[in-house]
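Have the structure open while you read.

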Amino acid sequence: MTTTRRGFIGGAIGAALTAGTAEAGTTTHFAGYPGRYGLLHDTTLCVGCRSCEVACKEVNDLPPVEAPVGDQAVFDSTRRTTETALTVVNKYVDATDDAPPVYRKLQCMHCNEPCCATVCLVHAFEKTPEGPVLYHPELCMGCRYCITACPYYALAYEFDDPLTPKVMRCTMCYDRIKEGKLPGCAEACPMGAITFGEREELIKIARERIRKNPERYIDHIFGEHEFGGTSWMVLAGHSFGELGLDEGMTHEPLPAIATSYLGVVPLVVTIYPGLLMGMYAFSKRHEAVAKAEREEAVADAIAATEEEGKKKLEAAADRAKKDKERSINMAVKKALAEAKKEAEKGGDE
Amino acid sequence: MSDVTVDAVHEPTKGGWFTPFNIITGIILIGGAVLLAIRFTQGLAATTNLSHTYPWGLWIGFDVMSGVALAAGGFVTSSAVYLFGMKEYKPVVRAALLTGFLGYFLVVLGLLADLGRPWRLPYPFIKSPGPTSPLFEVSLCVALYLTVLFIESTPAALEWLGLKKARKVVGSMTIALTIFGLILSTMHQSTLGAMLMVAPTRLHPLWYSAHIPVHFFVSAVAAGLAMVIVEGMISHRAYHHQVQITEDHFHRINFGLAKAAAVTLAVYTSIKVIALAIEDEWHLLATGWGAYWLVEILGFVVLPCVLFAIGYRERKLVLVRVAAVITVIGIMLNRFNVVFIVFNWNNPTGEIYVPNWMEIWITVAFITFAVVAFKLIADRMPIMYEHPDWKGTH
């Protein structure tokens with residue numbers, strides 16, 4: 001699914017906007033390339049001889065194994081893949097009186113929908129139609145997000161290379177299987193614990209083994225559905241938790257989980273400008289309204305003051321008029337009184 | 001990179017060359033340049049404790065993840081002042097934007113040190129884009145936002161240089177830049193959290209959540225507010241001769257920021273509890289990791305939230321500042337947790353990661369570089385005060 005999506009996008013930057021929702025709203029489902037290869041590790045057959053480790057180093061031109069084959073001290077600690085050991089075998093269950101120890105081989109699981117490919121920001125991983133997940137060092141920036149993302153701790157990095165460090169991981173011997181050869185580990189396994197073939201066929205083989213020997217196997221093929229399924233699958237007689245594999249993992253592919261949020265991004269880009277311009281407009285309008293209210297209040301105050309002044313002026317004028325009238329009246333009264341007095345005086349004489 | 005750092009040390013200052021500040025920063029920066037030279041000649045293995053299980057360490061956890069969150073003060077204050085009309089905060093915007101720009105510059109420096117092949121930094125845009133990657137979106141946003149922060153920081157330089165025409169042009173772009181900055185910040189602050197959504201088994205369920213992008217965004221807002229308070233605490237004292245606002249106004253700004261930070265941290269607490277409830281992880285609180293989760297939430301989210309609230313209510317600047325420092329430490333703790341402490345909590349080899357002294361030294365050198373750059377700029381340009389010709393404009 002991831003592969004087709006990536007192929008469809010073809011690297012257009014604008015497509016970032018649709019990355020998370022590329023499949024939302026569609027009703028089709030891509031179940032993976034038909035006839036793609038895979039490998040089945042039957043841990044009930046594995047004897048921990050580490051021939052696969054040796055062969056892997058040979059076919060990949062890597063330095064030979066540090067601890068010689070047969071050295072049991074190797075199994076005292078849990079090891080992981082490194083930049084020079086693309087596969088390692090660990091012992092997970094010690095031998096008992098009636099049962100041999102249980103070993104499991106670790107390497108890149110070649111997921112059906114690899115999250116290393118989804119999280120790579122330079123598109124340096126590809127899921128090939130043949131099944132292997134390939135890495136293109138010529139594009140890699142060395143951000144190591146792929147190594148952080150891998151739920152199987154399967155990717156390693158050349159930390160000691162200052163100029164051209166690469167991500168190192170199992171390639172499922174892509175070149176060898178293109179030539180019709182077996183992957184190095186599958187060819188080297190003396191116990192037939194590693195089976196190479198078309199993934200669908202391997203699932204049938206695994207089911208058949210479980211059906212024939214129900215007491216030997218847990219009725220589960222690890223990798224058939226976990227996180228969308230893997231090309232490397234595991235059969236076991238002990239619980240997968242004891243073998244260092246997470247049990248009960250979701251069947252939802254990790255890429256779908258990882259990119260689910262990206263669907264929100266185009267909404268932010270499209271909704272925010274309008275929303276924020278609206279908020280800016282609100283704050284501006286708030287200011288404008290406040291200013292208008294202030295101006296109105298000032299105008300009202302001025303009008304009120306003017307009105308009052310006018311009234312005061314009128315009252316003063318009124319008062320002045322009355323004062324004048326009163327003084328005139330008084331003057332007239334006084335004059336009349338004086339005239340009367342004068343007349344009385346004159347009458348006496 | 002090393003050339004720049006050495007030049008920064010040799011910039012003459014008023015008190016002669018051999019001031020205590022210059023000597024200490026000089027030693028840190030020269031040491032950092034030497035260590036970077038070792039990193040690019042001997043490789044990451046020679047200078048870091050990174051491993052196949054812990055491919056990301058201090059440089060991603062601090063320089064990138066914490067750096068971006070702590071630089072959020074730029075978009076928070078500029079949005080408050082220019083978009084939401086909270087003009088009383090204008091005196092702190094320039095310093096916050098400059099801190100933001102230098103913070104993002106530090107992010108890029110950290111990334112360049114951390115990338116296996118840093119010269120391929122433009123590859124996602126020019127050679128082979130991988131748009132399904134959350135990191136693709138983060139890179140695009142950080143590249144654009146660094147540009148926005150640069151333009152938003154230029155008014156101080158243009159006023160200093162007296163380039164009135166250019167200053168006017170940049171001033172007219174303020175609203176557009178602020179909106180663009182807020183969009184970009186919302187996107188990449190949250191997508192940094194979304195980067196961890198790919199690891200539901202490797203990140204402990206108490207920290208992992210389908211809502212982790214929202215957790216990242218909200219905590220970044222709190223971190224940005226706290227960082228403006230912390231940055232003001234230092235620069236307000238160092239540049240008191242430049243500061244024009246009254247002590248009372250400065251305190252009012254701090255109390256306003258404290259109120260906002262208290263609300264943000266309360267929101268953050270709620271969404272963390274909601275994530276716990278939605279995913280029904282209450283039983284995990286009784287485990288060792290649960291106790292550690294409680295330390296992070298109670299000690300570095302709820303405690304500063306309460307201190308901010310009391311500090312605001314009682315007008316106690318000391319409480320506000322203590323709360324801000326705790327918040328800044330808390331955000332770093334959270335980012336360290338999701339990148340390398342709680343991350344890989346159940347890894348099969350039982351390995352743990354502790355940064356070595358060289359990683360720490362280089363990180364300290366980058367911070368020192370940012371502090372020196374802030375000082376060189378604020379000594380010369382109108383950062384802490386308004387240029388008299390441009391008072392009251394955008």
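Q: How confident is the predictor in chain A?
A: This is a predicted model, and chain A averages a pLDDT of 88, with 91% of the residues scoring at least 70. Residues 1-23 of chain A are another story: the pLDDT there is below 50, though this stretch still has 41 contacts in the model beyond near neighbours in sequence.

Q: Why is A:Phe227 called buried?
A: Being buried takes 20 or more other C-beta atoms within 10 Å. A:Phe227 has 26, so it passes. You'll find A:Phe227 in the loop between α7 (199-212) and β9 (232-235) of chain A.

Q: What makes the phi of A:Phe227 worth a look?
A: Most residues other than glycine have a negative phi. The phi of A:Phe227 is near 45°, a positive value in a residue other than glycine.

Q: How do you know that chain B touches chain A?
A: Contact needs C-beta atoms within 7 Å, and 52 residues of chain B are in contact with 56 residues of chain A. The largest share of chain B's side, seven residues, comes from α10(B). By class, that side has 31 nonpolar, 16 polar and five charged residues.

Definitions and conventions:
Residues numbered from 1 in each chain as written. Chains lettered and ligands numbered in written order. Predicted model: local features only at pLDDT ≥ 70, side-chain atom pairs only at ≥ 80, totals over all residues. Contact = placed C-beta atoms within 7 Å. Helix = DSSP H or I, 4+ residues; strand = E, 2+ residues; numbered from the N terminus. Nonpolar A, V, L, I, M, F, W, Y, C, P; charged D, E, K, R; others polar. pLDDT = per-residue confidence, 0-100. Buried ≥ 20, exposed ≤ 12 C-beta atoms within 10 Å, placed from the backbone.
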